[in-house]
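Trainee: I would like to go through the terms used for this model and see what each one rests on. Where do we start?

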Amino acid sequence: MEKPQINSDRYLLQVEDLSKSFRDHNAFWHSGSFAAVCDISFSLEKGTTLAIVGANGSGKSTLAKMISGVTKPTKGRIWFKGRELEFGDYQSRCRHIRMVFQDPDNSLIPHLNIGQVLDTPLRLSTPWDEEQRNQKIYQTLRLVGISPDHANIPIYTLSQSQKQRVALARAVILEPEILVLDNALSSMDASVKTQLINLLLNLQKQLGISYIYLGQHVGIIKHISDNILVMKAGHMVEYGNTREVLTNPSDDFTRRLIESHFGHALDASAWEPDSAIFE
């Protein structure tokens, strides 16, 4: 696995040797630490999707938080359009890289209405007046399949699918180039997953947005991602084109993940047009 060469013309985001260590509070007799993420490198092109796959505790969420600027790396570098990102540059980074979390109930304030949720990032990050902000809110609601007439509906009255659409609207309202989707579909049933997957793909086509999708559902990952990065115990064990990795995995963990989901290894026929998303 070769490290990416810095190329701002081709790549939107580039990560080199990104690592994160935390203090080990179980080290009774000495001051110790454990490595949650170790020397991860990858590149992301505009309008493409990178899936980061790993078991719980593999380090994928920590990696996503470093990319989004929530967690400070222990070492390593991140470039966006050829410019190195610095930790603490929240105002700039939040315009370009946004996160959508797994559970909208934990990321949305229930007593606010939809319009208030979407107005907050606009008030914090733009000089627009109320009329301009409202027009952007209505436009964004239409993008995610919600009627602008619903802007005054409280969050707590919405279904999980509607809440996730609001969370997605909040993420795209500032027109970021990258969305980090942290298991954003895992709590939905199959029919809702399909609807939201189609919405994500349509948004990507319309806006040219890039996704970093974190999860374990290989059926979804196979369907939406261009490239895949497999993590185990903080290390990258596979990285490359999704089809190539899933049809010819080199690591036992990847093989087990594929076979536990599909019941068998994959070949080229799994990408034929009539193959199902979740089978």
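Mentor: With pairing: two strands pair if DSSP finds at least two bridges between them. Keep in mind that this is a predicted model.

Trainee: What makes E7 and E8 a pair?

Mentor: Five bridges join strand E7 (residues 178-182) to strand E8 (residues 210-215). At least two are needed, so E7 and E8 count as paired, and they run parallel. In one of the bridges, Val-180 has Ile-212 of E8 as its partner.

Trainee: Which helices pack on the sheet and touch E8?

Mentor: Helix H1 (residues 60-68) touches E8, along with E3, E6, E7 and E9. Helix H7 (residues 190-207) touches E3, E7 and E8. The direction of H1 makes about 155° with that of E8, and for H7 the angle to E8 is also about 155°.

Trainee: Why is the sheet called open, and which strands stand at its edges?

Mentor: Its six strands follow the order E6-E7-E8-E3-E9-E10, with mixed pairing. E6 and E10 (235-241) each have a single partner strand, so one side of each lacks a neighbour in the sheet.

Trainee: How do you know whether Lys-163 is buried or exposed?

Mentor: Its relative accessibility is 10%. Buried means under 20%, so Lys-163 counts as buried. Lys-163 lies in helix H6, and its contacts beyond four places in sequence are Pro-104, Asp-105, Leu-108, Ile-155 and Leu-158.

Trainee: What lines the largest pocket?

Mentor: There are 24 lining residues, with Cys-94, Arg-98, Met-99, Phe-101 and Arg-170 nearest the centre. The lining divides into 15 nonpolar, six polar and three charged residues, and H4 gives the most, six.

Note on methods. Residues numbered from 1 in each chain as written. Predicted model: local features only at pLDDT ≥ 70, side-chain atom pairs only at ≥ 80, totals over all residues. Heavy atoms only, no water. 1 Å grid on protein atoms, 1.4 Å probe; cavity = no way out; pocket = protein on both sides within 12 Å on 5 of 7 lines; lining within 4 Å. Helix = DSSP H or I, 4+ residues; strand = E, 2+ residues; numbered from the N terminus. Nonpolar A, V, L, I, M, F, W, Y, C, P; charged D, E, K, R; others polar. Buried < 20%, exposed > 50% of the residue type's maximum accessible area, 1.4 Å probe, protein only. Contact = heavy atoms within 4.5 Å. Axes fitted to C-alpha atoms, helices over the stretch in contact; angles between N-to-C directions.
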